[in-house]
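Here is a short tour to read alongside the model. Have the sequence and the 3D view open, and we can walk through a few spots together.

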Amino acid sequence: MTGLVYKSTGSWYTVKTELGEAYECRIKGKFRIKGIKSTNPIAVGDLVDFELETDNNKESGVIHNIHDRTNYIVRKSVNLSKQTHIISANIDQVFLMITINNPPTLTSFIDRFLVTAKAYDIKTILLFNKIDVYNEDTLLEVKYLAHVYRKIGYECIGVSAKTGKNVDKVKSLMRDNVSVFSGHSGVGKSTLVNAIEPSLNIKTKEISTQHMQGQHTTTFAEMFDLSFGAKIIDTPGIKGFGVVDMDKEEVGDYFPEFFALKQDCKFNNCMHIQEPKCAVKNALDSGDIEFSRYRSYLQIIEGEDEHYRTDNWEKE
């Protein structure tokens, strides 16, 4: 039988077939997925093959195969620094929720997020939340940031979870897709998700003292079927979207506006820092590339994001 993993509790997985039948399954033996050093072999969103067995008159499944993934979201393992924990797999899109203040979402955070998503081939849509409470100056800042990211190809939407502004637009983008909502603690993720599907009733802001100290246990995600033909993966307690172990030479390829100019640089291996006749630096000087984006690029290749996970997002 084949089904989709909807929930993981570490040792057991809830798998749902195309007919909507749900089975509690476990793993047969040890899974090792080539190229991925992960603490968990199976994640929510995985398509798996399983066989049914009966033990003490109770029917359950045994997973024996994982289908190839189109993408996945990871974070660093809490206790094993060289390994990752896969949060969810086969995602169609991530909605990154941004607030200008209360709390502030810095462009450096947005850019790290976008680079990571691009590296894992996950489409990202930027949602500027709480626009109902912003004054005129703050709304101008929203418009400016939206302009910056639209110019490089990202869809940007102003939303209000409380007034319902553009909630229907977000729902239309979610239809027939598997979506994840992310952002800093306090940006209104849970409020928006509950506005989109009130029956989910996702709890808001549960942050323990242990969690704040970074001693949280493994995070388990769960997928939900929504009433309008969409799926959402709720990811409570994630402390980061994932730290991508990429070569410095690769980073520029995940900045779309840098990648578009790469062929115009004098050197094929141009790092866009001190090299002569660099198309990216020329575009920066002319204002075609935003300084905030270039600053984020430098921070990433210089390794300044190593401790960035302390500016985390948590379940809200």
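A word to start with: contact here means heavy atoms within 4.5 Å. Please keep in mind that this is a predicted model.

**Helix 8 and its surroundings**
- Helix 8 has A279, V280, A283 and L284 as buried residues.
- Viewed down the axis of helix 8, the buried residues fall within an arc of 145°, so they line one face of the helix.
- Helix 7 and helix 9 (291-301) are included in what covers the buried residues of helix 8.

- You will find K266 in the loop that runs between helix 7 (256-261) and helix 8 (279-286).
- Once neighbours within four places in sequence are set aside, K266 is in contact with P276 and K277.
- K266 and A279 are 13 residues apart along the chain, and their C-alpha atoms are separated by 7.9 Å.

**The nonpolar cores**
- The largest nonpolar core has 38 residues, and L126, F128 and Y149 have the most contacts inside it.
- Elements that each supply at least two residues of this core include strand 6 (72-76), helix 1 (107-119), strand 9 (123-128) and helix 2 (136-151).
- Leaving aside neighbours within four places in sequence, F128 is in contact with several residues, among them I98, V142, L145 and I157.
- A second, separate core of 22 residues includes I157, L192, I196 and I232.

Key:
Residues are numbered from 1 along each chain as its sequence is written. This is a predicted model: local features need pLDDT of at least 70, side-chain atom pairs count only at pLDDT 80 or more; totals for chains, interfaces and linings use all residues. Side-chain values use heavy atoms; hydrogens and water are left out. Helices (H or I, at least four residues) and strands (E, at least two) are DSSP runs, numbered from the N terminus. Buried means under 20% relative accessible area, exposed over 50%, partly exposed in between (1.4 Å probe, protein chains only). The arc is that of the directions from the helix axis to the C-beta atoms. A nonpolar core is a set of buried Ala, Val, Leu, Ile, Met, Phe, Trp, Tyr and Cys residues joined through side-chain atoms within 4.5 Å.
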